[in-house]
Amino acid sequence: MGAGRVFAYGAAAGLIGDLLLGDPRRGHPVAAFGRAAGAVERVLWRDHRGWGALHTAVCAGGAVALGSVAARAVRPSAVASAALTGAATWAVVGGTSLAREARTIGRALEAGDVEAARARLPHLCGRDPQALDADGMARAVVESVAENTSDAVVGALVWGAVGGVPGLLGFRAVNTLDAMVGHKSARYRRYGWASARLDDLAGWPGARLTAVLAMLAGPDPRGAVRAWRADAVRHPSPNAGPVEASFAGALGVRLGGTLSYGGRVEHRPVLNTQGRAVGTHDVERAVRLSKRVTWLALGVCAGARLLTSARLSRSVRSLGSAPSLKGARSLKRGK
């Protein structure tokens, strides 16, 4: 079994595992990484970019190294390699938990239980729920579903296709570090700079693929293209902009606007100005679009890895079958 099939089978098994099991309530590998990264931060923290870069290198590099050691240990067995890829994929993706949290809030909003929705919103995003009405919470959920489809699923699959198990673990490590220290608070403005910039770089390909797939899988492809081209660059995040704009256009809704994070008010540009305001029923529509994007991303990433592996194998075989320079000279002398 070649490397392409190992990734394809393993990634599919991991996504199915996430669909059936979701995230464990205790002992999640990502939570364990977060605790380890927190311990490193307590040792290294200085209000300085250099120390923050060291923190990023130690934590993200450690995750990649762990993945490399594990992948090398099981390399002689294709079955074990696929199983490891499946376990790593299950550990780093979070599509089922994302959908579950979004639907829980959506059901509360549809039932008119605004307080229950406010109590649950912090499980999904960092918005201040007390500053939001029902429609504002619905908009926050749709935006979080869009962004996390890229961060929690598609980006991981992209880097898994590129780098196997080390790629999967490395991407999740970088994304987790950004969530922990990559924000612009007084403590992390300098210390978290490296994590935030690395997350922007690592998330770039997955965000564009997510935006393309949302355009293809959504009910309004033309609207997705129009919103992406017109509004994505106006978003403060280079990766959330294309994803949220494409989701907004595909669903025919307006996203963005005034946000509140822990009492700090932020005014963001409106995405897809031609759309309507988000309603509570759009939460379910966003979740369904996210699921379609997830499975399309698996197909694209697995197909790309299979194609690359096949081409590489053909190149290696052609090099192995070519006559050596010494042999070619001997044939010439024989004539």
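Is Asp282 buried or exposed? Asp282 is buried, with a relative accessible area of 1%; buried means under 20% relative accessible area, exposed over 50%, and partly exposed in between, with a 1.4 Å probe and protein chains only. The legends below describe close-up views of a predicted model, in which local features need pLDDT of at least 70 and side-chain atom pairs count only at pLDDT 80 or more, while totals for chains, interfaces and linings use all residues. Residues are numbered from 1 along each chain as its sequence is written, and side-chain values use heavy atoms, with hydrogens and water left out.

**View 1. The whole chain, for orientation.** The chain has 12 helices and 2 strands. Helices (H or I, at least four residues) and strands (E, at least two) are DSSP runs, numbered from the N terminus. In order from the N terminus, the elements run α-α-α-α-α-α-α-α-α-α-β-β-α-α. Along the principal axes, the C-alpha atoms fill a box of roughly 90 × 50 × 35 Å. Of the 335 residues, 48% count as buried.

**View 2. Asp282 and Arg285 in helix H11.** Asp282 and Arg285 form a salt bridge, with 2.8 Å between the closest N and O atoms. A salt bridge is a side-chain nitrogen of Lys or Arg within 4 Å of a carboxyl oxygen of Asp or Glu. The two residues are separated by about one helical turn, because they stand 3 residues apart in helix H11. Arg285 is partly exposed, at a relative accessible area of 25%, whereas Asp282 is buried.

**View 3. Arg103 and Glu284, a link between helices H5 and H11.** Side chains of opposite charge can pair when their charged atoms come close. Here the side chains of Arg103 and Glu284 meet in a salt bridge of 2.8 Å, N to O. Arg103 lies in helix H5 (residues 95–110) and Glu284 in helix H11 (residues 282–321), so the pair ties together parts that are 181 residues apart in sequence. Both residues are partly exposed: Arg103 has a relative accessible area of 24%, and Glu284 has a relative accessibility of 23%. A search of the whole structure finds 12 salt bridges.

**View 4. Glu115 and Arg118 in helix H6.** The closest N and O atoms of this salt bridge are 2.7 Å apart. Arg118 and Glu115 are 3 residues apart in helix H6 (residues 114–120), so about one helical turn separates them. Arg118 counts as buried at 16% relative accessibility, while Glu115 counts as partly exposed at 49%.

**View 5. The second largest pocket.** About 380 Å³ of space lies in this pocket. On a 1 Å grid over the protein atoms alone, a cavity is a set of points where a 1.4 Å probe fits but cannot get out, and a pocket is an open set with protein on both sides within 12 Å along at least five of seven lines; lining residues have an atom within 4 Å of a point. Grid points are joined across faces, edges and corners, and a volume is the space filled by probe spheres set on the points. The lining has 19 residues, and Val6, Ala71, Arg75, Ser81 and Arg305 lie nearest the centre of the pocket. Helix H1 (3–21), helix H3 (49–74), helix H4 (78–92) and helix H7 (134–181) are the elements that give two or more residues to the lining. By class, the lining has 10 nonpolar, 6 polar and 3 charged residues; Ala, Val, Leu, Ile, Met, Phe, Trp, Tyr, Cys and Pro count as nonpolar, Asp, Glu, Lys and Arg as charged, and the others, Gly among them, as polar.

**View 6. A nonpolar patch on the surface.** Ile16, Leu19, Leu20, Leu21 and Trp295 form the patch, with about 540 Å² of accessible area together. Patches are made of residues with over 30% relative accessible area and no salt bridge, like charges being joined within 9 Å and nonpolar side chains (Val, Leu, Ile, Met, Phe, Trp, Tyr) within 5 Å. Accessible areas come from the Shrake-Rupley method with a 1.4 Å probe; for residues, only the protein chains shown count as cover. H1 gives the most to the patch, with 4 residues. Ile16, in helix H1, counts as partly exposed at 42% relative accessibility.

View 7. Asp23 is found in the loop between H1 and helix H2 (29–44) and is partly exposed, with a relative accessible area of 26%. Asp23 and Ala91 are 68 residues apart in sequence, and their C-alpha atoms are 7.8 Å apart in space. Asn272 is in the loop between strand S2 (264–271) and H11. Asn272 has a phi near 65°, a positive value in a residue other than glycine, and counts as buried at 4% relative accessibility.
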